[in-house]
Amino acid sequence: KRAFLNGRIDLVCAEAVAYLISARSQKALTMAAAQLEGGLTRAVDRTRLSLMELLALLEAEIDFSDDDLDTTPPEELRAIARRAQEEIDRLLDTFAQARMFREGFVVVLAGRPNVGKSSLLNAFLGQERAIVTEVPGTTRDVIEELVEMDSLPVRLVDTAGIAEPGGPVDREGIRRALVAAGTADLVLWVIDGHEGLTPDDLAAREEIRGYPRVAVVNKVDLSLALDPGRAAGLLGEEEVHFVSATEGTGLVKLREAIRESALGGAPQQEVADYAVNVRHHQELLAARDALGSAMKGLAESAGPELLALDVRDAIGALERVLGLSVSGDVLDMIFSRFCVGK
C-alpha cells in the first residue's frame, strides 16, 4: 500500500501481488505475474490515452468554435472511439476466464444415492477423501475439494444423493445438494450403469434440469444394464461418458470434457493473460457505457460539449481501474485482503 501511495506501482499491480500469493494453478500464477509486470496496466492505459486524444480534439472544437479553423472529421472521431471500444470489449471478454482460473471451475457431482459420486470424487483426487460404503446415503453433506486439471483449477463438489428424503437430515442434505447444483458451472449427473436407469435417476435429473450438465455412467467395470449405443437417447442427453471410478476407466476423457466445458475448446496458449477482476470489470463496463453514449452522439451529430462529457466519464472509469482516481474506501477494501500474518 505504501508503494502504491508513493507512486511506485499502480493499483492494478498492487492487486496482482495478492493474486500471485493466492494463485491456485499454474495458469493463475502466470496471469498474476503478467498483471504484476504491467500487462493489464498497459492495455488499459493505451485505451485511456486514445480517449484523451479524442477528448483533446473535442475540446479544441469547443475552444475554437468561433474561429474559422478546420474541425476534425466525424469519421476520424468515430474511428478513435471505435478502436477504444474494441479494446475495452477485449478486456471485458477476459473476465470470465480470469475469474475461473483464480477461483476455480465448479463441478458438482449429483444423482441418486449409491451411484458412485463419492468414489468418483476420490478417483479425481487420487485419495480417499469421501467415505464410500455399500450403504446408500453415506454422504449427507456437501464435500468440496480443489484439483488441477491441465492447469485448470476445478472445485469438485460431492453431494448427498437426490431421492425421497427419509428424515430431516436427508432433507437438509438434498437441499444443500440442489443449492450446490444451482451454483455450479457444470453438473455431472452420475448414473449406476450396472443397475441401469431407474425412476430415482429420472427424478434426480428433473431436479437438475436447466443446469449445464453431462451424464456420467459409472461402474462400467461391472456388467452394464445400459447399452452404450442407446444410452444418449435413453438418458435424453447429448453427452454421455462411461467410466469406472474404481478402475479409472474413462476418467481421462471425462477430464477433457470438463476442460472443454470450462474453456470452450480454447487451447491453453490462447487463454488470455489478463486477470480482469470484479472491480476492473465494473469500471470497464462503465467506460464502455459512457463511450457507447458518445458514439451514439457522434452518429446523431451531437455538439462537442455533450460528447466531451461522455468521453470524460469513460476516461474517469479507466483511471479508477489504474487507481489514478479512486476513493479511500475502495483502497481500504482492496488492501484489507492482504494477509500480513500474526
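**View 1. The largest cavity in the predicted model, with a volume of about 40 Å³.** Rolling a probe the size of a water molecule over the atoms shows where empty space is left. In this model the count comes to one cavity of 30 Å³ or more, and about 40 Å³ of space lies within the largest cavity.

**View 2. The residues that line the largest cavity.** Tyr 19, Ala 28, Met 31, Ala 32, Ala 98, Arg 102 and Ala 275 form the lining of the largest cavity. When these residues are sorted by class, six are nonpolar and one is charged, while no polar residue takes part in the lining.

**View 3. Helices H3 and H6 at the largest cavity.** Helix H3, spanning 26-36, and helix H6, spanning 95-103, each contribute at least two residues to the lining of the largest cavity. The largest share of this lining, amounting to three residues, is supplied by H3.

**View 4. Asn 277 in the loop between helices H11 and H12.** Asn 277 sits in the loop that lies between helix H11 (251-263) and helix H12 (278-299). Asn 277 has a relative accessible area of 4% and is therefore classed as buried, the cut-off for this class being under 20%.

**View 5. The contacts of Asn 277, including a polar contact with Glu 15.** Leaving aside residues up to four places away in sequence, Asn 277 touches Glu 15, Tyr 19, Phe 95 and Arg 102. With Glu 15, the side chain of Asn 277 makes a side-chain to side-chain polar contact at 3.2 Å. Tyr 19 and Arg 102, both touched by Asn 277, are also among the residues lining the largest cavity.

Terms used:
Residues numbered from 1 in each chain as written. Predicted model: local features only at pLDDT ≥ 70, side-chain atom pairs only at ≥ 80, totals over all residues. Heavy atoms only, no water. 1 Å grid on protein atoms, 1.4 Å probe; cavity = no way out; pocket = protein on both sides within 12 Å on 5 of 7 lines; lining within 4 Å. Points joined across faces, edges and corners; volume = space filled by probe spheres on them. Helix = DSSP H or I, 4+ residues; strand = E, 2+ residues; numbered from the N terminus. Nonpolar A, V, L, I, M, F, W, Y, C, P; charged D, E, K, R; others polar. Buried < 20%, exposed > 50% of the residue type's maximum accessible area, 1.4 Å probe, protein only. Polar contact = N/O pair within 3.5 Å; in protein donor to acceptor, adjacent residues only side chain to side chain. Contact = heavy atoms within 4.5 Å.
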